[in-house]
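Please look over the sequence and the structure shown here before reading the briefing that follows.

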Amino acid sequence: MERCLTEFETRPEDAALLDDIFRSVHTIKGTTGFLGFKRLEKLAHAGENLLGLLRDGKLVADRPLISGLLHLLDGLRSILRSIESEEGEASGDDSELIAELEALQNPALQLIGKLSEAAPKPVATKRKAQRARRAKPSAPPLSETSLPAPAVIEDRTQQTPETKPLIPEPEIQSAKLKDKPIAAPMASAAESTLRVDIVLLNRMMNLVGELVLTRNQVLQATAADPRMTMLSRRLDMVTADLRESVMKARMQPVSNIFSKMPRIVRDLSQVLGRRVRLEVEGQETELDKSLLEAIKDPLTHAVRNSLDHGIELPEVRAAAGKNTEGTLKLRAVQEGSHVLIEVQDDGAGIDVAKVCRKAIERGIISNERATQMGERELLQLIFVPGFSTAAAVTNVSGRGVGMDVVRTNVEKIGGKVEIDSRVGKGTTLRLRIPLTLAIIPALIVHSLGQSFALPQGSLSELVHVPAEEAGSTIEYIEGAPLYRLRGNLLPLVFLGQLLKAATDHAPEPRRDNFIAVLDVDGRRFGLVVDGLADPEEIVVKPLSAVLKNIGIYSGATVLGNAELALILDPGAIAAKAGVRISVHEEALHSADEQESGDVHKAVEYLLVEVAGRRAAVLLDDVLRIEQLPLSRIEYIGYRPVLNFEGKLMPVEDSGGLLGSAQIGGDQSKVIVVVCRERNRHVGIAVSQVLDVASGSELFESGTQQRAAGVTLLKDHVTGVVGLSTVPPLPSSDGESSEWAQVEEAIA
Amino acid sequence: MSTAAVLQKAEKASTLNEVCSVQVGQTWFGIPIPHILEIVGGARPQPVPLAPEFVGGLFHYRGDVLTTVSLRQLLGLPPKEGSQDMLVLECSGGCFGLLVDLVGEVLTVSSTDYEPNPSILDQRRKTLLAGAYKRKGKLLVMLDPDRLDPLRLSQHAASSC
């Protein structure tokens, strides 16, 4: 009903909407009268009277009237709530509210209200027509003919602001006609759906998690047995499908929280004197119920922020040559395994200079630092706790507990917050939310002879420090270990030492070290582990309170080999190891990189060297990079193949590396980049892996056609390895025919 | 059974209780059967670094990750090498595992043989044990699963520190 009302405000001519509202109020009145809730009935009755006049066209809906109706709704709701909790109607006085509603029925008052509203009215009507047209592109002839309609409405409302009923325009009729058939299937959909207890759903989710674990174990146990491979693969598929279905069952459309926004925006914009239009997109995007709950507050906060700090007062907007009415856009869209929620306003944007001044004022950064920092890095400062640029503390926002709360809440559920702002143009806040919480991708690491799971969400990169280099590359300042990562010092935390609670910070004995570079809560540090294992999809199992109190574990999981692994909580480790929240250049730099990657849709490539030439492989396609002895490469006829995780994979050797390496004997090693190409895996033999870089597309001069197969990487035109051109393996007979068949079955 | 009958039974001086006997070190302990969900032989729980001392590790039990309590550690005995037997116990706070050296047999004891904790017992043990049954030749020291609940144990540890 709330949504109906706010919508009704923008489309006062929509009779169907009004009917809807009328019906709900009438239902409330009817039932409450029957049940004997006198107070509720009285209030509903007053509301119904008003709505009746409105429906008969004796009144025209305008802002004060809608406000009155919203108050009515609030009143009804609070009574209903008290009935729900106390099983009785709380006593209270509604006479004021009823008087307000009655006053609204008075046409004379109505007239005054309308005169003050008369000026902005045409704008609203016109926009409404525009929106109607945009919303119904499937009916072009009707919209076409209705083009002059807005003008007609405009005239009528201005000439006859009295209580003259509005004659429905042909366009509105067409809209209604179009709405009707949509409503019909909705009703039948209700019959084919079922309410399910959330407890049952949670239990199903747990069981499916169990199944995923068992599947992982089965897959590992049967990997060696070719007869079982097909069976376990099928189990794998069914499990994946089942998991998806159960997850889908827990999904709810974001409209559940988006639908609260029109009211919030409306109320706030009145309080703040803003004129704001809310546009909502992607309402049907779905998200796990628990996550939906979790982002409700951050999202509300972001919207409030946009209204208070973002969109300017109408006069200011007019002076800046903008439409006096600001636009707030809420957009939800699914991107891979994440849902992206955008809060975009066309307001003043964030003045980086102002942010910088404030930050120096509050001692968050030093003067010298500020001069070194780029615009994007400075923007990140708004996420620092206690930061606020609002000139005055209002009751809406400005206390400086804003953006950091948004970020903390979103990161708590494994999401990310990004911000993009241009002065005078507006601000876009992006919340990146994972689809589900129960099953997360994690990297399995080893330390102290045990396995631990490290959530991938906070992992930004992995660095291998060979034993012989460990002594020289890991440096110490007063016993604090540091690593030079691309010229910046990265604080290190030795997982082994942390877990042993060792007091001595003696350098680790010389051996291979792996540094997992973690980014969490704005802290960046390297976690040193003894070994890395595979990434795995893990099912998070809760820990008992005793173990949770230790603080560095967020849960436990069962690995594919039936071993238990504790899930490390990177944020807690950082806190425990004393890694400060730092507005560290490196941290910002990476966030910057990531963001710009998102904004410009730049594609990341793995830059490799093949026999002296540089080539690029799409990073998204790369599964892993293997260094293996040449003897592992086998041949079917002349074609090199690799037995990779029990499956045969063709190896593309354009540079003739394998041949030349052969001369070095069987001891020599080759580097194979394992890529995913549609359903199969393809290996690419390379001489060296150079870097990861984002490339931009190249256009042929003159024709502006996109050049295929090449990209601009680090200012060099680089060829992209076309994976699809690697011919499939022969599927006919031969000693490995069985493997080939399996391969084909996958493809 | 009517309420009156239940009351009568409770008042009756000697009720028979079934307890499972477990051995840790040289002592035999008894655990009331109704609290035991399952007995797992040869359990190798996964150690948890930084956990309180009494925690024997984690154990995967029917889809849940159980925290286990090592009775040896609780009693201040040196840890035992190799696998141990584990009892899955249910208490008011949920389920947990109890690691013992050996699970013995199910015994029937009479409440007339029951004797509360002796006053000479040190405070720490007093909080763990729940009296003893005088059996032929030997005492059977009773354990109360509710007192062995890891959460309670950690609270005790915190308060005694």
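In chain B, residues 24 or more positions apart account for 56% of the contacts with a separation of 6 or more, where a contact means heavy atoms within 4.5 Å. This is a predicted model, in which local features need pLDDT of at least 70 and side-chain atom pairs count only at pLDDT 80 or more, while totals for chains, interfaces and linings use all residues. Residues are numbered from 1 along each chain as its sequence is written, chains are lettered from A and ligands numbered from 1 in the order in which they are written, and side-chain values use heavy atoms, with hydrogens and water left out.

**B:Gln46**
- B:Gln46 is buried at a relative accessible area of 11% (buried means under 20%, exposed over 50%, and partly exposed in between, with a 1.4 Å probe and protein chains only).
- Leaving aside residues up to four places away in sequence, B:Gln46 touches A:Gln450, A:Ser451, A:Glu563, A:Leu564, B:Gly57 and B:Leu58.

**Salt bridges**
- Over all chains, the whole structure holds 14 salt bridges, each being a side-chain nitrogen of Lys or Arg within 4 Å of a carboxyl oxygen of Asp or Glu.
- One of them joins the side chains of A:Glu418 and A:Arg432 at 3.2 Å, N to O, and of these residues A:Glu418 is buried at 4% relative accessible area, as is A:Arg432 at 14%.
- B:Glu115 forms a salt bridge with B:Lys134, their closest N and O atoms being 2.8 Å apart; B:Glu115 is partly exposed at 38% relative accessibility, and B:Lys134 is partly exposed at 41%.
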